[in-house]
Amino acid sequence: MAFELMACAPSDVIVTLGRAIDQAKGSDRLAPVTVVVPTNVSGVMARRSLGRGPGILGVDMITLNRLAELLAGPGLAHADRQPVSTPLLELTVRRVLDEAPGSYAAVAHHPATVVALRELHQELRLAGDEGAERLAQSGRGREAVRVSRAVTRILQRRWYDEADLLAGATERLRSEPVAGLERLVLHLPAPFDALSQAFVEQLAAASPVAVVVAFTGDDSADHEQHRVLDQLQIPRPAPSAGVRPATPARIVSTTDADDEVRIAVRTIVEAARGELTGTPVPFERIAVFWPGQRPYARLVEHHLAADGIAWNGRGGTELTERIAARLLLDLLDVDRRGLQRRPLFELLADVPARGPDGRNRPTAEWERVSRRAGVSRDEDWIPRLSALTGHERWGPPATSLLEFIAELRTTLGHPQATRPWSEWVEWCTTQLDTWLGTGAIAHLSDAEYRAWEALMSALERLKSLDSVSDPVTRSEFRTVLENELDDVGVRDGRIGTGVAIGTLASAGGMVIDVAIVLGAAEGLLPPGPRADPLLSSVDRERAGLASHDERARRLHHEFIATISSAHTVVTLPRGDLRATTTNQPTRWLAHVEHDRIDEIDSSFVGIQQIDFAPGERERRLRDRLRRTAGSGPLTHLDAQVVDDAATRRGLTLVGARADLDLSEFDGDLSAVDVPILSGATGAVPADARLVSPTQIQTWASCPHAYFVRYLLGVNAIDEPDSQISINALDRGLVQHDVLDALHRDVLSGVLPQPTDTGWTDEHRHALERHFDEMCTEAERTGRTGRPATWASERARMHRDLLGWFRHDSDIIRANGVTILASEHRFPDRDADVPMQIVLDLSDRRQLPIHGSIDRLDRWADGRLIVTDHKTGKADTFKKLTETDPTLAGSAFQLPAYAAAALAFVGAADDPASTRIRAEYSMFDRGRYARLGIDFDDEVWSIVRSELSDVVDGIESGWFPQVPEAPGFRVYTPCVYCEPDELGTTDAFERWTAKRNDSRIARWFGDTDDDSENTDD
Ligand code: SF4
């Protein structure tokens, strides 16, 4: 065994490696040399770096494990053994625990126990028999060794692991000379486990091996390098005199991890522009390192992508977040709590799902129809979608969705059904082909393609589990697949293309000119100790297993070596917004030479200081902030002088909204053509746009709601999944439908008209029958919410209807009522020539309207009585009088229905000839009150004037937001301006300031009532 140490400083690693190779080749420049490198990335970088010099020929760069695999793999394969996988190990550990749990009995079934034992088994295997023997001297160690040996016994006949490869390779070297390994260089080795050490010693048995080791000159940071020398029995070199301490180019302290990454990106751009080192540094010679994946990996990936900087390494996007893996994992448990609507549509929306015909599934249309049908739970699909299959608009999507649900249920099978692992794997590949299309793989991005390959490899590994496990359920298969994918780290980008990114632990051997080390704060660097749940630190030491301190010391070496060998910017976050803690600089900064730590007060200050912005986003922000710093905050007065269009428009908007006048940004559409609703008297076009009294009322209460709902056609979405009980609208619809069915029985002659004594028992039976039918229909169409709340709500509605029945009987008895019409729609679209219904306005204009009258009666005194049923409270309508028939221009239903009723009886041309009254008829919440007005010329004149006012407002294009005053609310009646339902405080303040704009004060200006209310 002969090792020759070639010690060097971290900055001289490549030169020293070149010398080691030269020395190994001797006079034969073509002689093959094998260089054992710490990682594949460092191998590629070293080869490229050496290639830039005089060139290298016949040099293999290979990791120690790969070399062992090349030597021992063929023999193991010949013996019909396959590589072991993580799931296979975990299943075997579980089996051993099932058969003999020993001291793990209390926690044997916990997944964390299985994972911990599997990890320990892998370490113990590499520690060799001697390590296991030493560990078995303690009680806890003995149990762990027992499980590990049992796992080995089960697997050793058909499987092999890393330990088998190392042992096999060592054995082969011992038994036969292997050509090509005569000239060997160990490049930057880390301390070896027992089997690796034996393998390396055997490599050196035949011919001398050069060992390149970089020393930082800091004993504490070089601790592990000294340990390697001890393992290889190489004398430690004398400390070199005059080794300069590592000196980072800059140490920056900033607010948080996010801002650290922004600084990293700026540093990369400065380096590439030659501003850091005097010459431009190519991206491939720049690296960003961090202590742990979270939170840096995702932040670095995001910021580099946002600024268009190419990178390679392991970013923050996990394999399980890639499209194919995501699809499989979601599909495998889409019916975790039964086939519910929400998870299914989350899955369908997440992937471009295709059907067996290869065409995209109509996901959006299916989502709408399922919401319309009120589908929420597993049992809703068939009855509720079936109810819509005959519908003209919703029938086709309801039918195709039903077919899809049936097909999906067949595909998924029963949740408890078991299959062999290989069958589940086949199931998965079939689903990927079906859902993504067989050609999908050709359209995947590089990153997605690599993830696809990793997924396929993982599935392939799962196939082999049939030999050690019984068939499993879909859920069990999914758990193992997810664990397997969680364990796979997939690199993105090509090594040597773009900035290298990764953990500081992976920095060994990388050849770079500029490095950014993130997270240099206590708790992150070094990371907090990770306790072994199974062994004490004494046990671990006894078995020769790596300790937490060793891991920290390796990181320490990489930290100092990186600073020594590259122009390095070190950053640290002062705070962690996720943990609300304050960080201290890492203790390792005490080992490097530095004058000061640059403190950046905030991201805001950092952006102001940059000379060259890495991207458009930062450039714009910097320019705006510099301007702000010079002259105070930008205001709308700067709108004309800033050069950026988006900022200019933003400033204009902010200024306009802050102004006292209404603007185009808050409802002034007076400069835009909006639909005209009215026409000249007697000349309203037959195809004129019709409005309902409800629409008119909507504008009167909030013009913006009218604009969004009726001009833009935007409706708030009902989510059946979140509906706990029947909503007010559906409750009212059911009640209306029941009354309509009763009235239609009377109008069609199925039941007699009510008598002088009111409604009869016969009518009541019919009412109750219709109530049952309507409730069943509401349940079938998913409008009744959760079953528990529906039961009590239904009983309440039933009581309410019977209350109405009694009170209506009193009216009938007192007035002698004949029912003329029920739910009379106007204009009558079934008529050959539908009669236009209009309301007169001032200025010889008319407004064509549409709507529906709940009930029209003729009383014994000859009056026509229009009834509009209301299930809410009566408070709003208590102020209705003949002198205020529209409640100050806010209620137009009764006049509209009265006009339609007059047209119905043929008295539209001469309304004065017919006495007519219109009433709101309340239910229980309104104490069954009837509140209305008798129409005469005076009333019609007031209606004309008030209605003209509103129509003028709509046609003039005024659509301001009129929010309700802030205060406690049980529910949000309108969500157009506050979809997050966070309240109206800001909107109300803005509105209070603007409502007196002279152009709209006619409709919205403060009134005495307002000031009284405000004072109150
Ligand atoms: S949320 Fe309020 S202000 Fe906005 S449209 Fe609706 S009612 Fe008007």
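In the predicted model, strand 8 (residues 250-254) and strand 15 (residues 567-573) run parallel and are joined by 5 bridges, where strands are DSSP runs of E with at least two residues and helices are runs of H or I with at least four residues, numbered from the N terminus. Within this pair, Arg250 stands opposite Val569 of strand 15. Both strands belong to an open sheet of 7 strands with parallel pairing, in the order 10-13-9-14-15-8-18, two strands being counted as paired if DSSP finds at least two bridges between them. Strand 10 (311-313) and strand 18 (598-599) form the edges, each pairing on one side only.

Helix 10 (residues 257-272) packs on the sheet and touches strand 8, strand 9 (286-290), strand 13 (499-503), strand 14 (514-517) and strand 15, its direction making about 165° with that of strand 15; contact denotes heavy atoms within 4.5 Å, and angles run from 0 to 180 degrees between N-to-C directions of lines fitted to C-alpha atoms, for helices over the stretch in contact. Helix 21 (residues 548-565) lies across strand 9, strand 14 and strand 15, at about 135° to strand 15.

In the loop between helix 11 (293-306) and strand 10, Asp307 has a relative accessible area of 15% and is therefore buried (under 20%, with a 1.4 Å probe and protein chains only). Apart from neighbours within four places in sequence, Asp307 contacts Val265, Pro614, Gly615 and Arg617.

Residues are numbered from 1 along each chain as its sequence is written. Local features need pLDDT of at least 70, side-chain atom pairs count only at pLDDT 80 or more, totals for chains, interfaces and linings use all residues, and side-chain values use heavy atoms, with hydrogens and water left out.

Terms used
Buried means under 20% relative accessible area, exposed over 50%, partly exposed in between (1.4 Å probe, protein chains only).
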